[in-house]
Amino acid sequence: MVSAYIALYLFLAGTGAGAFLIGSVVDIVLRFRPMAARGWFARVSAVTDAGLVLGPVLVAVSALFLVLDLGVPERAFRLFLVSTPSLLSMGAWSIVAFCGSAAAALVLGALAGDDDDDFERERGSGRVVLRVGEFASSVVATGLALFVVVYAGVFLAMYPSLPFLHTFWVPVLFMASALACGLAALMVTAFFRQAMPEVAGAMDALLAVDAVLIAVEAVVLGVFLVDSFAAAGPSLTAAQLLVSGRLLPLFWVGVVFAGLVVPFSVDVVCRRLPAPMAVALGATCTLVGGLCLRIALLMAT
């Protein structure tokens with residue numbers, strides 16, 4: 001349970017799925033709410049659109065760490081061939097299906113193009129079929145991204161033999177962290193795309209959302225720890241190890257300070273004093289904190 005590969009797998013899968021989920025939600029709103037094309041959603045899409053590409057790439061990379069943790073490729077392949085489905089095999093299948101459907105949506109969208117031809121012309125050229133296929137693939141990928149975001153926490157919380165993680169708050173915490181890390185990954189990516197004039201404004205517009213996601217993650221983490229301290233036995237021991245034992249530096253410096261305090265402070269300050277470099281550094285700290293969170297929880301367990 002303390003494998004670094006597993007921590008990286010959980011981190012990259014959650015971050016990639018979170019980034020895709022954010023980008024997909026904005027894209028769907030813009031498709032079905034014409035008024036949104038002149039509002040906040042259109043403004044932030046310059047940053048969130050990257051999640052439709054970045055998300056499946058990160059999730060695909062996470063699968064490599066799962067294979068490394070299992071030791072040999074044959075053991076990974078067995079996850080897809082088990083006669084009785086398990087949550088682990090469902091997670092493996094969901095990663096493959098997510099990457100495939102997300103890639104299909106990108107390819108079909110590129111083939112359909114962005115022409116403004118009328119409906120009959122689109123119908124004659126086959127663009128309607130392409131766009132229907134692209135939208136269907138996007139919807140499937142969005143549902144699978146949501147499953148991947150929730151899956152990691154559910155997988156860790158399902159074992160009574162791990163009482164520290166055997167709680168409802170672990171899936172909630174992992175989902176909050178995945179969304180915060182997903183948005184952070186988009187913000188870091190946006191920093192390297194500042195040549196596009198609309199990107200800077202989109203980063204500023206997302207600061208409030210980023211602050212809310214970090215605050216939610218902090219609250220859920222606090223509730224999880226309070227619940228652990230209120231319990232007896234292994235849960236209490238693990239919580240003490242996390243906040244005052246040998247994992248103290250990793251938790252307080254990596255998870256709390258780097259992952260929560262720094263990015264939240266950056267969001268608050270940069271809402272009044274825009275600074276793309278500071279925003280990117282704060283987002284990087286969120287990613288560092290997200291990885292430290294997973295490592296700390298696994299080591300405490």
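**Overall fold.** I counted the secondary structure of the protein chain and got twelve helices and zero strands. Helices here are DSSP runs of H or I with at least four residues, strands are runs of E with at least two, and numbering goes from the N terminus. This is a predicted model, where local features need pLDDT of at least 70, side-chain atom pairs count only at pLDDT 80 or more, and totals for chains, interfaces and linings use all residues. Residues are numbered from 1 along each chain as its sequence is written, and side-chain values use heavy atoms, with hydrogens and water left out.

**Burial.** Next I checked the 301 residues of the protein chain, and 47% of them are buried. Buried means under 20% relative accessible area, exposed means over 50%, and partly exposed is in between (1.4 Å probe, protein chains only). Ala-296 counts as buried because its relative accessibility is 1%. I also looked at Ala-296 and Val-255: they sit 41 residues apart in sequence, and their C-alpha atoms are 8.3 Å apart in space.

**Salt bridges.** How many salt bridges does the structure hold? I found two. The term needs a side-chain nitrogen of Lys or Arg within 4 Å of a carboxyl oxygen of Asp or Glu. One joins Arg-31 to Asp-27, at 2.8 Å from N to O. Arg-31 and Asp-27 are four residues apart in helix H1 (residues 4-32), so about one helical turn separates them. Asp-27 is buried at 19% relative accessible area, while Arg-31 is partly exposed at 33%. Arg-31 also forms a salt bridge with Glu-134, with the closest N and O atoms 2.5 Å apart. Since Arg-31 is in H1 and Glu-134 in helix H7 (residues 127-157), this pair ties together parts 103 residues apart in sequence.

**Helix packing.** I then turned to H8 (residues 169-191) and H9 (residues 197-230), which pack at about 155 degrees with axes 9 Å apart. Axes are lines fitted to C-alpha atoms, for helices over the stretch in contact, and angles run from 0 to 180 degrees between N-to-C directions. H8 and H9 are therefore roughly antiparallel (under 35 degrees is roughly parallel, over 145 roughly antiparallel, 65 to 115 roughly perpendicular, the rest oblique).
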